[in-house]
Amino acid sequence: MLFPEYRPRRLRRKEFIRDLVRETHITLNDLIYPLFVCEGKQIKQEIKSMPEIYRFSIDKVLEEIKYVVELGIKAILLFGIPDKKDEVGSSAYSEKGIIQKAVREIKDKFPELVVITDVCLCEYTSHGHCGVIKNGEVDNDLTLEQLAKIAVSHAKAGADIVAPSDMMDGRVRRIREALDEAGFSNIAIMSYSVKYCSAFYGPFREAADSAPKFGDRRSYQMDPANSREALREAYLDIEEGADIIMVKPAMPYLDIIKVLREEFNYPIAAYQVSGEYSMIKAASRLGWLDEEKILWESLISIKRAGADLIITYFAKKIAEKLNKG
Ligand code: PBG
């Protein structure tokens with residue numbers, strides 16, 4: 001049926017009709033809230049390029065999490081900012097490391113909150129790369145051993161899901177093996193399967209003090225020009241034992257989310273990264289964009305493309321809005 005018999009505007013006439021035929025929804029269950037945790041006490045330090053996002057000491061992050069849990073958010077993703085860094089990132093798997101301490105306290109107070117930990121070396125290495133350096137290059141297989149130790153130490157502390165973000169080859173397999181050997185076969189892996197080498201991570205690197213001191217991440221993170229390679233990366237991670245696959249960044253890569261959705265039956269997470277957040281914040285502070293509407297539209301686009309879960313610095317804002325109805 002065509003115009004004039006068919007009139008699409010009939011279903012757009014009134015709010016209650018639009019509500020009835022809406023295809024995509026965002027719920028509290030979709031949201032994962034990233035948090036930066038640092039050493040010290042009573043620290044809540046705003047990140048310059050990410051307004052309203054903070055580095056928290058453990059005592060302060062517990063206050064933030066209390067509020068987040070009250071809002072009905074079900075999951076957080078933790079990033080650690082250690083006091084000491086070294087060549088091989090050994091504070092990443094120390095029992096007294098920042099993440100290990102934070103996870104123990106968080107799970108003690110909020111046992112029902114899903115605690116996901118970022119498994120990577122870049123926040124812990126003096127050179128800022130996501131792996132161990134040998135002969136001037138990031139050495140894949142040496143790095144795998146470090147990642148396995150980090151993942152097991154997070155599981156021991158009580159993490160529910162570990163999220164490797166390093167982009168080394170074979171890390172999901174090595175981490176799965178190490179978790180199973182250590183008695184953590186019930187701990188899930190959310191793999192940053194398709195992680196592009198993106199300038200949208202800029203503000204995060206300020207937050208985590210993790211910019212590489214030499215070179216860049218192009219020898220391990222993916223070329224933004226490639227989409228067939230995304231399928232290969234996701235396929236490998238699933239074969240190696242990933243429980244959830246991730247695409248990162250989100251909005252500039254909606255085509256990739258869609259392709260993975262069509263290809264795989266696994267839960268897909270999308271990471272709306274720091275630069276996506278900062279862009280929206282900056283434009284709205286200038287009065288050029290309406291923050292609330294833009295962030296809603298950006299999250300809807302990510303879900304519509306096929307993501308099941310969205311990691312977003314806007315999680316709190318959205319949850320507040322969802323609670324208001
Ligand atoms: C660590 C890591 C990064 C992000 C998440 N995990 C930074 C990077 O790869 O340089 C970026 C997240 C964001 O920009 O919000 N490897």
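This is a predicted model: local features need pLDDT of at least 70, side-chain atom pairs count only at pLDDT 80 or more; totals for chains, interfaces and linings use all residues.
Residues are numbered from 1 along each chain as its sequence is written, and side-chain values use heavy atoms, with hydrogens and water left out.

**The chain as a whole**

The protein chain has eleven helices and twelve strands; these are DSSP runs numbered from the N terminus, H or I with at least four residues for helices and E with at least two for strands. Its radius of gyration is 20 Å, close to the 20 Å from the globule rule for 325 residues, so the chain is as compact as a globular protein of that length. That radius is taken over C-alpha atoms, and the rule is 2.2 Å times the number of residues to the power 0.38. Along the principal axes, the C-alpha atoms fill a box of roughly 70 × 45 × 40 Å.

**The ligand site**

Around the ligand there are 19 residues, and Lys-195, Arg-205, Lys-248, Ser-274 and Tyr-313 come nearest. To count as near, a residue needs a heavy atom within 4 Å of the molecule. The shell splits into ten nonpolar, three polar and six charged residues. Here Ala, Val, Leu, Ile, Met, Phe, Trp, Tyr, Cys and Pro are nonpolar, Asp, Glu, Lys and Arg are charged, and the others, Gly among them, are polar.

| Side chain | Ligand atom | Distance |
|---|---|---|
| Lys-195 | oxygen | 2.7 Å |
| Ser-274 | oxygen | 2.7 Å |
| Asp-118 | nitrogen | 3.5 Å |

The protein covers 100% of the 400 Å² of accessible area that the ligand has on its own, by the Shrake-Rupley method with a 1.4 Å probe.

Two cis peptide bonds are worth a look. One runs from Phe-3 to Pro-4, with omega near 10°, and Pro-4 is in the segment before α1 (15-21). Another joins Lys-248 and Pro-249, with omega about -10°; Pro-249 is in the loop between β10 (244-248) and α8 (254-263). Lys-248 also turns up among the residues nearest the ligand.

Finally, Asn-135 is not a glycine, yet has a positive phi of about 50°. Asn-135 is in the loop between β6 (132-134) and β7 (137-139).

Conventions. A polar contact is a pair of N or O atoms within 3.5 Å; within protein, one must be able to donate a hydrogen and the other to accept it, and residues adjacent in sequence count only if both atoms are side-chain atoms.
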